Amino acid sequence: MTSKLARSFAAVMALLATGIAGANQYNLQPPQSIIAREIYDLHSLIMWIILAIFVVVFGAMTYSIIAHRKSAGHKAEQFHENTTVEIVWTVIPFIILIGMAYPATKTVVSMKDTSNPDITIKATGYQWKWGYDYLQEGVSFYSSLATPRDQIDGGNAEGRKNNPNYLLEVDNPVVVPVGKKVRIITTANDVIHSWWVPALGIKQDAIPGFVRDTWFKVDKAGTYRGQCAELCGKDHGFMPIVVEAVEPEKYAAWVKDQQAKMAKAAVADDPAKSWSLADLKARGEKVYAANCVACHQATGMGVPGAFPALSGSKIVIGPKTDQIAMVLNGKAGTAMQSFKHLNDVEIAAVSTYLRNNWNNNSGEAVTPADVKALRK
Amino acid sequence: MEAAHAHAPGHDDHAHHPSGIMRWIQTTNHKDIGTLYLWFSFTMFMVGGVLALMLRVELFQPGLQVWRPEFFNQLTTMHGLIMVFGAIMPAFVGFANWQIPLMIGAPDMAFARMNNWSFWLLPPAALLLVISFFVPGGATAAGWTIYAPLSTQMGPGMDLAIFALHIMGASSIMGSINIVTTILNMRAPGMTLMKMPLFVWTWLITAYLLIAVMPVLAGAITMILTDRHFGTNFFNAAGGGDPVMFQHIFWFFGHPEVYILILPAFGIVSQIIPTFARKPLFGYVSMVYATSSIAILSFIVWAHHMFTTGMPATAQLFFMYATMLIAVPTGVKVFNWIATMWKGSMTFETPMLFSIGFVFVFSMGGFTGLVLAITPVDIQLQDTYYVVAHFHYVLVAGSLFAIFAGAYYWLPKWTGHMYNEVLGKWHFWLSMVFFNITFFPMHFTGLAGMPRRVPDYALQFADFNMISTVGAFGFGLAQLVFLWAVLKCISGGEKAAAQAWEGAEGLEWTVPSPAPYHTFETPPAVK
């Protein structure tokens, strides 16, 4: 509550000092959708009510502390009961609460109305990136943190300082058209994640094995950034969400472009093609960088005690079937999840890469056909 | 005690007990056990505090400087578990042990041997938690809420935490049964329920809450354990389970739990404010009813921790309304405290300072609680630093400040000496100022969109995080003043009278200071 007092005060000072941008540090981000705006207004309304209560209640307390002190010679009165007063200060807060609940109820109802969307996008949480599927358009891609590791780990502190989107940038943003109702369906592959974009006023947990939904409609073109909001393990702080809202024509062009790219990738990842060990290894290195490196590290040495080393691992250089099964199905009860969602070529490639990298020199290739045979 | 007689013949009949370490291991005396609880709690408070400072060091500036993310998550998790189960809860049980028999005119707790066992379960549990840092994979890093299925991914540290929670839960349940039995059966003749000091009332209600919900936690963590090791699928969707069910069960325990952490604090403050206002507590009866309503409501609001899991609009509305309702009895309590101060004759010794500080800062946590109750606003603030600010305002400025207030208030009774008022005041003002420097900026970072439980953050949050870290170190160091004040008070100081405070009322002030080893062997008469 004082929180509000100081916040309003600080916000005013910041406005005076640095213009509108400064104020965002003290309040919810500027709303860019209907729901976000309603939430913003609700929050402001409640803060004003709280401020009023604060002034009355703690004004009384402060007055009492000053006036009714022994050192000021005040003699204690001995009253200790008054039913009327008790009823009054039970009923008045109750009425104030009803005043707050009414607008809040309206917003809850409109928040939950995910009917008749123009576009439906499935967001899938992975440890630690997001996968997106545009259900009608058939566009699918992964979206991972784009901030270079050396900026995070301190090797490049200068780069960090000059990166305005530090930790809030991804390789492939979600692109949506302005003014259209976008329904987001969330789910997860491993643990619970949460898909959150503050400026759009949505946060929806992504729960493995279950599907939830929410919606937004972006007011104007722009880039809106959010983060995973549910603790999901080691790199919880490193799986941002970026939504790029563009004009509908640009969106249509983007969809076409993506579809063409996917068709090309499908040809490139054709399991029927004859894959050489070198081809597989090269493809596998990319798959490793996108899916495995966060835990097992670029050195293949993992993190002792938490994530096992792959270099010299018995599973990696043992029978191919064991290795493929581990990648396909994961290991229950550990952070090693199932990578079934990767295609046969990707799994074959990464398996080949692992068998022929670091201290592993099996000289063997895992083929897409090997993988296909092991899929259940 | 039979053995004690043999070893210590000729002692004053009022203080026969083994000496040295065996006195503390074998003791069945409520005062000894209360002391043990309080020292245990302070030790864990220091451990949890060091973990918090380790967190704040990493958050001092953007980038990863000190810890790896996986270790950072262990720190947040263990800080939470240790502070909730190791520091705050045992501190209140310590107060209950010392004060309840003294306040109701009972010679001891009802089950003296079980009382010893309740305490001595805690050190092994704490040891399990601390050891878990050193097992492969380290301590559990799934957050103190240990949400499945993240918690099923953890290493053996998770199992140690589960065992520790089981043991601490058993200790709490035994302690609660003891407290309920003592209060209901051992009050001095004439002390009807509605004449009990409010601290006793709040603990009676808290003990019932504990008995009701600790088994629920035990069930939840046992299901995690069997999911982890015995192939069950309670929370594994692939096997037909439901990860969200864990959250329902956890918060059905967890929400009453937060009232378990605050109701005894209400009780302590309700003892102290009348003393230093030299005026009876205003609205005693409504205080009792308000406490009971809060306790009952605490069972029907759990899903407000889960608004973002995606539940039907009707469920969101029900839990929003129920949560908002809690503001009514909580407001009544705050109004009653202020009405107690109103037209009193106040002095501001350290217990009073901490109590007024409690009312003021706890109310701010209450206000942000109201903000968070509003479902749409909660959608924005869930799992951000705003929530971190909110629960530290109620748990640190609420529970912890009340614990300090109570400690200063009853130290003269426990030690026979007055504490040093200058040190006490320094402790209060340093704590108050640094507390706000640490946690107030978190409201801003949360509103602006900083998620909680992250080891690194975007650049726009840098300034406030730096301020928070500085504040945290100040707050941590201020607690050494408390330790100093307590040690100084134990070792000497101005002799305390039986009634150490001019305005104090109640049976505990009728016995000498320090309270003799055995008190009220013949029950006092209460008019």
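Which residue of chain B does the side chain of Asp153(A) meet in a salt bridge? The side chain of Asp153(A) meets that of Arg68(B), with 3.7 Å from N to O. The legends below describe this contact and other close-up views of a predicted model.

In this predicted model, local features need pLDDT of at least 70 and side-chain atom pairs count only at pLDDT 80 or more, whereas totals for chains, interfaces and linings use all residues. Residues are numbered from 1 along each chain as its sequence is written, chains are lettered from A and ligands numbered from 1 in the order in which they are written, and side-chain values use heavy atoms, with hydrogens and water left out.

**Figure 1. The interface of chain A and chain B.** Contact (heavy atoms within 4.5 Å) involves 95 residues of chain A and 102 residues of chain B. The size of an interface is often given as the accessible area lost when the parts come together. Between chain A and chain B the buried area (the accessible area, with a 1.4 Å probe, that two parts lose on being put together, summed over both) is about 8,400 Å², and carbon and sulfur atoms give 68% of this area. Trp89(A), Lys203(A) and Leu231(A) supply 8% of the area that chain A buries against chain B, more than any other three residues.

Figure 2. Between the two chains the count is 2 salt bridges (a side-chain nitrogen of Lys or Arg within 4 Å of a carboxyl oxygen of Asp or Glu). Helices (H or I, at least four residues) and strands (E, at least two) are DSSP runs, numbered from the N terminus.

**Figure 3. A stacked aromatic pair in chain B.** A search of the whole structure finds 72 aromatic pairs over all chains. Rings of Phe, Tyr and Trp (its six-membered ring) pair if their centres lie within 6.5 Å; planes under 30 degrees apart count as stacked, over 60 as edge-to-face and the rest as tilted. The centres of the rings of Tyr409(B) and Trp501(B) are 6.4 Å apart and their planes are at 10 degrees, so this pair is stacked. Tyr409(B) belongs to helix 17 (residues 385-415) of chain B and Trp501(B) to the segment after helix 19 (462-491), so that the pair links parts of the chain 92 residues apart. Both Tyr409(B) and Trp501(B) are buried (under 20% relative accessible area, with exposed over 50% and partly exposed in between; 1.4 Å probe, protein chains only).

**Figure 4. The surroundings of Tyr385(B).** Tyr385(B) lies in helix 17 of chain B and, at 7% relative accessibility, counts as buried. Leaving aside residues up to four places away in sequence, Tyr385(B) touches several residues, including Arg56(B), Leu59(B), Met442(B) and Arg452(B).

**Figure 5. Trp128(A) and Lys129(A).** Trp128(A) is found in the loop between strand 1 (119-126) and strand 2 of chain A, and a cis peptide bond, with omega about 5 degrees, joins Gln127(A) to Trp128(A). The charged end of Lys234(A) sits over the ring of Trp128(A), 5.6 Å from its centre (NZ of Lys or CZ of Arg within 6 Å of the ring centre and within 35 degrees of the ring normal). Lys129(A) lies in strand 2 (residues 129-134) of chain A and is buried, with a relative accessible area of 4%. The side chain of Lys129(A) reaches the backbone oxygen of Ala290(A) at 3.3 Å.

**Figure 6. Backbone features in two loops.** Gln297(A) lies in the loop between helix 9 (293-296) and helix 10 (314-317) of chain A. Phi of Gln297(A) is near 70 degrees, a positive value in a residue other than glycine. In chain B, the peptide bond from Ala148(B) to Pro149(B) is cis, with omega near 0 degrees; Pro149(B) is placed in the loop between helix 6 (122-131) and helix 7 (150-153).

Terms used
A polar contact is a pair of N or O atoms within 3.5 Å; within protein, one must be able to donate a hydrogen and the other to accept it, and residues adjacent in sequence count only if both atoms are side-chain atoms.
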